[in-house]
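I opened my notebook to go through this structure one spot at a time. Here is what I looked up, in the order I did it.

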Amino acid sequence: MASSTDNTVLQKRLDEAERLEVELKRAYDAQHDLVVNLRNSLTAVHQFPPEILSEIFCAYMEANRDTPLAQLLLMHVCRIWRQTALENTPRIWAYLYLTIRANTTIEYGSIITECLGRSSLPADIHIDTRTSPLKKYVRSLKLIPSGIIDALVPICSRIRTLTLQGPLKNFLPLINLPRNSFPVLIELDCNILVDSNGERISAFEGSALQELRWRCGGVDAGLGPSIFSSNGSIFWGTLASLAFDATQVTTLYLTDNLSYHGNDTWNILARFTNLVSCTLYTPFFETDLVNGITFAKLTTLIMFCDYEEILVRSKMLSLLTLPSLTKLCIKFAGANNPTRATIAPTLIDLLQRSQCPLAHLSIIRAESLTNKDLSSIIDSFSSILHSFTIVGRKIIPKNFLQKLVCKKNKDPPLPNLECLRFGIYTKADPVNLAPKLFLDIVESRLLEREMSRFHVLSPLKKVQIVLIDSKNPLEEFLSLDSEDDSDPGSGLLSFLPQMPQNSGPPYSWLGTFNTTEVTRLQRLQSEGLEIEESHDINSLPLLS
């Protein structure tokens, strides 16, 4: 029987063996990590100096600005990336994109403080407190944790770009700050749902705003409190309540759903004397103004409207003078036009009055526009257009393309045309458009020999055809595909009636080409022609 002394000796040996095992395992792990690190250091990505890797991280953040806390993804790749992100790349911590929901348990206030504390550079802040779909959004106007906005207030003097999306009361601590609270702010994007009475917004009065996106609406239509005060005046949401220097703004996006009278929008626009780019949702009611506005620097104008009559009655184009305009897009909802008004005379008048160098023109879902109207537009814009997009139910593609036929001893229509987009309504006998006519036109405008023969100045390099079926036109209007939420109706699709889907494969006009026509098309593609066919009207870019 072993004595207690023997047991003690054995226990000491056992403890020593366990200690040596732990040390050996630790040494092995260290050597293994060293080998892995050496092997990883030989890979191409680890050959980059920290400065180059920092630039890559910054480019990544620019491309993923709408990804919540995208910086954290970089830190979970490897030790070198984490070290570079934390110690050598302060710029990535100046981006902050947060999607916050009510009743969250995440300490966003601490996250904001920690992230922005790693950089002293001007900050780009995006706070989204919306819920989805819209019905839930309207019914859940709950305050987000106060610590989130409280964490932003001390650094508001550093904020360069600010995006606020959600119920107004979530952002009151920021909006109610005194004037000059955002001295370096150059870009403001507000997509705010009005849910309470408010006063004049002065927090941005001293800001040097250059880009303003104002997409504000009221909770109404039985979904919440009225947007109107007791005397019928309009309060929160209208851009008129925002105090700032409009003369510094060069880019404007205005979807001010509370400005129900055209005069309101018109008076607001008159403040922006140095606009370069402007996107508008045209008001529902006409103006009674007679004095026009000249935007001497405006080069890009995008307008959304329900149908042509509204645009004509609003006088938005009739009262504008745009001598520098090069890009114009007008997109309608495709709704029925009760008076069959057409925008052709208004467009022609704008060109003649402004004498602008318009190079890109897009008219989408102009259901009252006829081939005769279109012919007048082409004649008026013939010498200057480089890109032309036209979609309308009454536009017969065959007649439209015949207008583009080049003839000997005659000046070609649209001699500078480089990009053409048009729609085919599949319910309107699409076979009526003969492939041969289309190919003849493209050959005369692309092949060098034919271009010289018909005095065409620029080659037609791109053609896009959209095939339109009986899809709900309002749905098409509300489902615009845009990275920057350029559609004023975005997010409303859940309320639309579901349209029956056609069975079988979708119709393809290019699929009707015979062997000879396919060969001709392939030759044109080898000469540089880009041709695309789709069934989604929203695949048409608003501007080239």
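Which residues of H17 are buried? I found Glu-517, Arg-520, Leu-521 and Leu-524. I keep in mind that I am working with a predicted model.

**Entry 1: helix H17**

I then looked up what covers the buried residues of H17, and the cover includes helix H14 (435-446) and strand S16 (530-534).

Next I checked the length. H17 runs over residues 515-526, and its 12 residues at 1.5 Å each should span 16 Å; the end C-alpha atoms are 17 Å apart, which agrees.

After the helix comes Gly-528, and I noted its positive phi, near 115°.

**Entry 2: cysteines**

How many disulfides does a search of the whole structure find? The search returned zero. Cys-58 has 6% relative accessibility and so counts as buried. Cys-115 is buried as well, with a relative accessible area of 5%.

**Entry 3: Thr-89**

Cys-58 came up again when I turned to Thr-89, as one of the residues that Thr-89 touches. Setting aside residues up to four places away in sequence, Thr-89 also touches Ser-54, Phe-57 and Thr-84. With Ser-54 there is a polar contact between the side chains, at 3.0 Å.

Is Thr-89 buried or exposed? I have it down as buried, because its relative accessible area is 2% and the cut-off is under 20%. Thr-89 sits in the loop between helix H4 (79-87) and strand S1 (95-99).

**Entry 4: strand S11**

I moved on to S11, residues 327-332. Five of its six residues are buried, so the strand is largely enclosed by the rest of the structure. I then looked for its partners. Strand S9 (residues 300-305) pairs with S11 in the parallel sense over six bridges, and Thr-300 stands opposite Lys-327. Strand S12 (residues 360-364) also pairs with S11 in the parallel sense, over five bridges. There, Cys-329 has Ser-362 as its bridge partner.

**Entry 5: Phe-400 and Ile-378**

Phe-400 lies in helix H13 (residues 397-402), and Ile-378 is in helix H12 (residues 371-381). At 2% relative accessibility, Phe-400 counts as buried; Ile-378 is buried too, with a relative accessible area of 1%.

Last, I looked up two C-alpha separations. Ile-378 and Leu-404 are 26 residues apart in sequence and 9.0 Å apart in space. Phe-400 and Leu-433 are 33 residues apart along the chain, with 10.0 Å between their C-alpha atoms.

Note on methods. Residues numbered from 1 in each chain as written. Predicted model: local features only at pLDDT ≥ 70, side-chain atom pairs only at ≥ 80, totals over all residues. Heavy atoms only, no water. Helix = DSSP H or I, 4+ residues; strand = E, 2+ residues; numbered from the N terminus. Expected span 1.5 Å × (residues − 1). Buried < 20%, exposed > 50% of the residue type's maximum accessible area, 1.4 Å probe, protein only. Contact = heavy atoms within 4.5 Å. Disulfide = S-S within 2.5 Å. Polar contact = N/O pair within 3.5 Å; in protein donor to acceptor, adjacent residues only side chain to side chain. Pairing = 2+ DSSP bridges.
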